[in-house]
Amino acid sequence: MRFGSKLPPERIAWLAVVPAFTCLLYLTAHAVNVPYMDDMELVYTINDLQNDPATWWRILFRQQNDHRVLFSRLAAVVVYVLTGSLDFRVLIVLGFGSLILLFYSLSLVTRFGLPDCGGGG
């Protein structure tokens, strides 16, 4: 391979998969099931949904530290419904998976370019 030549897509995929898989192995081996910092809000969400399920919409969309964390709360509720407990290790792996999907979607945008929105120029 000459200097300056492009890598084939298969090698680029492996360059992305190997560190992601290594990080996933590290997370599953060393993650602990303990809430950290604002993860306690997820515990409060589950408790509030159990105490007053009629206001689920308000509970999922309530404000936390000047922002709304709908996707974190939805993930916590799904994990709780599927496993019967709020397992923060599963939430860590789900968060890592969402970062992988974000990286993949950004790579698609840069590969195919942004659509022309007719903004002029």
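Tutor: Keep in mind that this is a predicted model. We can begin with Trp56, which has a relative accessible area of 44%.

Student: Why is Trp56 called partly exposed?

Tutor: Partly exposed covers the range between under 20% (buried) and over 50% (exposed). Trp56 has 44%, so the label is partly exposed.

Student: What makes Trp57 exposed?

Tutor: The relative accessibility of Trp57 is 54%. The cut-off for exposed is over 50%, so Trp57 counts as exposed.

Student: Why is the pair of Trp56 and Trp57 called edge-to-face?

Tutor: The ring centres of Trp56 and Trp57 are 5.4 Å apart, and the planes stand at 90°.

Student: How far apart are Trp57 and Phe61 in helix H3?

Tutor: They are four residues apart, which means a separation of about one helical turn. Phe61 is partly exposed, because its relative accessible area of 30% falls between the cut-offs of 20% and 50%. Two aromatic pairs are found by this rule, and Trp56, Trp57 and Phe61 form one aromatic cluster.

Student: Now the charged residues. How many salt bridges does a search of the whole structure find?

Tutor: The search finds four. One of them joins Glu41 and Arg73.

Student: What makes the contact of Glu41 with Arg73 a salt bridge?

Tutor: The closest N and O atoms are 3.2 Å apart. The cut-off is 4 Å, so the pair qualifies. Glu41 is in helix H2 (residues 40–51) and Arg73 in helix H4, 32 residues apart, and the pair links distant parts of the chain. Both Glu41 and Arg73 are buried.

Student: What makes the pair of Asp48 and Arg62 a salt bridge?

Tutor: The N to O distance is 2.7 Å, which is within 4 Å, so this is a salt bridge. Asp48 lies in helix H2, while Arg62 lies in the loop between helix H3 (56–61) and strand E1 (63–64), 14 residues apart.

Student: Are Asp48 and Arg62 buried or exposed, or partly exposed?

Tutor: Asp48 has a relative accessible area of 26% and Arg62 has 24%. Buried requires under 20%, so Asp48 and Arg62 are partly exposed. Glu41, Asp48, Arg62 and Arg73 are linked in a network of salt bridges.

Student: Where does Asp87 lie, and why is it called buried?

Tutor: Asp87 is in the loop between helix H4 (70–83) and helix H5 (88–112). Its relative accessible area is 13%, under the 20% cut-off, so Asp87 is buried. Leaving aside residues up to four places away in sequence, Asp87 touches Asn33 and Val79.

Student: How do you know that Arg89 and Asp87 form a salt bridge?

Tutor: Their side chains meet at 3.2 Å, N to O, and the limit is 4 Å, so the pair counts. Arg89 is partly exposed, because 39% relative accessibility lies between 20% and 50%.

Student: What pattern does the protein follow along the sequence?

Tutor: The pattern is α-α-α-β-β-α-α, from five helices and two strands. Of the 121 residues in the protein, 17% are buried.

Conventions:
Residues are numbered from 1 along each chain as its sequence is written. This is a predicted model: local features need pLDDT of at least 70, side-chain atom pairs count only at pLDDT 80 or more; totals for chains, interfaces and linings use all residues. Side-chain values use heavy atoms; hydrogens and water are left out. Buried means under 20% relative accessible area, exposed over 50%, partly exposed in between (1.4 Å probe, protein chains only). Contact means heavy atoms within 4.5 Å. Rings of Phe, Tyr and Trp (its six-membered ring) pair if their centres lie within 6.5 Å; planes under 30 degrees apart count as stacked, over 60 as edge-to-face and the rest as tilted.
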